[in-house]
Number of protein chains: 2
Amino acid sequence: MTKMILASASPRRQELLKRIGLDFEVRPSTVEEKIDVNHSPEQVVKDLSFLKAKDIADKAGQNCIVIGADTIVVYQDKILGKPENKEHAYRMLSMLNGCAHRVLTGFTLIRTQDEKVIKRYEETLVKFRELSDAEIKAYIETGEPMDKAGAYGIQEIGSLIVERIEGDYFNVVGLPMVQLALALKKEFEVKIL
Amino acid sequence: MTKMILASASPRRQELLKRIGLDFEVRPSTVEEKIDVNHSPEQVVKDLSFLKAKDIADKAGQNCIVIGADTIVVYQDKILGKPENKEHAYRMLSMLNGCAHRVLTGFTLIRTQDEKVIKRYEETLVKFRELSDAEIKAYIETGEPMDKAGAYGIQEIGSLIVERIEGDYFNVVGLPMVQLALALKKEFEVKIL
């Protein structure tokens, strides 16, 4: 029996995997999320997801499949990670305000017994409505922006900010569920549905 | 102080309103969800949402704002409501399989003290991935399709079925959050963010 391990501390990713009834363990990677600005956003999310998965796979035993993931926001070729403080969150949200940006999530699957590695990414377009300055500040005060790429979370109070998306919604939350499920099924014979 | 009342038994709509921190009461309307096939889908969701809101508003006291909502799936001009049984769910899912369809949610807001009524709707495009017959049957066995328009729920196991969307994700879950919040703010001075 293969054990599934999620190498992420993100409660949102854990929630997504729980909702589909997947049996898994959480072992957050402690690898530093350092973004190499010389690489393309696509490369960055794949590389970071790999580093997280590898970190945990190296310490895991046989018969494990480790899932690593990384999500970034890209606006006009600028990569936005998590905000460092409220001012940083304010700058990010003011920049994204009323505009469309890209959300990229990369994921890596590593099977420990044969070290088979699958790296993928998915992109979703997200459009913010026009927010007033007071709304941006009120949103920051809720605390929601602080641990999230681009300084927003789409699934809670962020639902009042995101006007429309194009692509996989769950990719914005933190895992591209369809692509992940298809990769697990085709590459590792893990049947989810 | 105005009391907000949700005239819907849908646990998904309740969850959406809870997540944004709205203080509200749930009083499900018992109006029959009868679809008039001579009306456009846009008209149908607005009319049904109005009937639900009106049903509860008539029994509510002063100083209430009642929210009624109705969600349908439209595929090639055919309106799909909730499936009647497993066979019906199977027919619906087989029809939607691999294709794009429209999801329409209508909502009505009624303020009881002056009977001010606002009716709106929002449309989102949803694309299913190509499912095998076994996957459709396995999905029906989870029980998830039974109480949902179009025989699927996007937010749980349905996340493995929906490949992409265009528009407001929360509209597919059951309430167009951005449009609802803007209507509450502009028409009734209810500030949410």
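**I72(B).** I began with I72(B) in this predicted model and looked up its contacts, leaving aside neighbours within four places in sequence. I found P41(B), V44(B), V45(B), I79(B), L80(B), G81(B), L104(B) and A149(B).

**The core.** Next I checked the largest nonpolar core, which has 108 residues. I72(B) is among those with the most contacts inside it, along with V66(B), I67(B) and, from the other chain, V66(A), I67(A) and I72(A). I kept in mind that nonpolar side chains tend to be buried together in soluble globular proteins.

**Helix α2(B).** P41(B), V44(B) and V45(B), from the contact list of I72(B), turned up again among the buried residues of α2(B). The helix runs over residues 41–57, 17 residues in total, and I noted a reach of 24 Å from first C-alpha to last, close to the 24 Å expected. Its buried set also includes L48(B), F50(B), A53(B) and I56(B), and I was pleased to spot K46(B) and K52(B) there too. What do these buried residues pack against? I get β1, β3, β4, β5 and β6 of chain B.

**Where the chains touch.** I then turned to the contacts between chains: 24 residues of chain B meet 24 of chain A. On the chain B side, α1, α4, β7, α5 and α6 each give two or more residues, and β7(B) gives the most, with five. I sorted that side into 14 nonpolar, two polar and eight charged residues.

**β7 with β7.** Last, I followed β7(B) across to chain A, where β7(A) pairs with it in the antiparallel sense over three bridges. I165(A) stands opposite G167(B).

Definitions and conventions:
Residues numbered from 1 in each chain as written. Chains lettered and ligands numbered in written order. Predicted model: local features only at pLDDT ≥ 70, side-chain atom pairs only at ≥ 80, totals over all residues. Core = buried A, V, L, I, M, F, W, Y, C linked by C-beta atoms within 7 Å. Buried ≥ 20, exposed ≤ 12 C-beta atoms within 10 Å, placed from the backbone. Contact = placed C-beta atoms within 7 Å. Helix = DSSP H or I, 4+ residues; strand = E, 2+ residues; numbered from the N terminus. Expected span 1.5 Å × (residues − 1). Nonpolar A, V, L, I, M, F, W, Y, C, P; charged D, E, K, R; others polar. Pairing = 2+ DSSP bridges.
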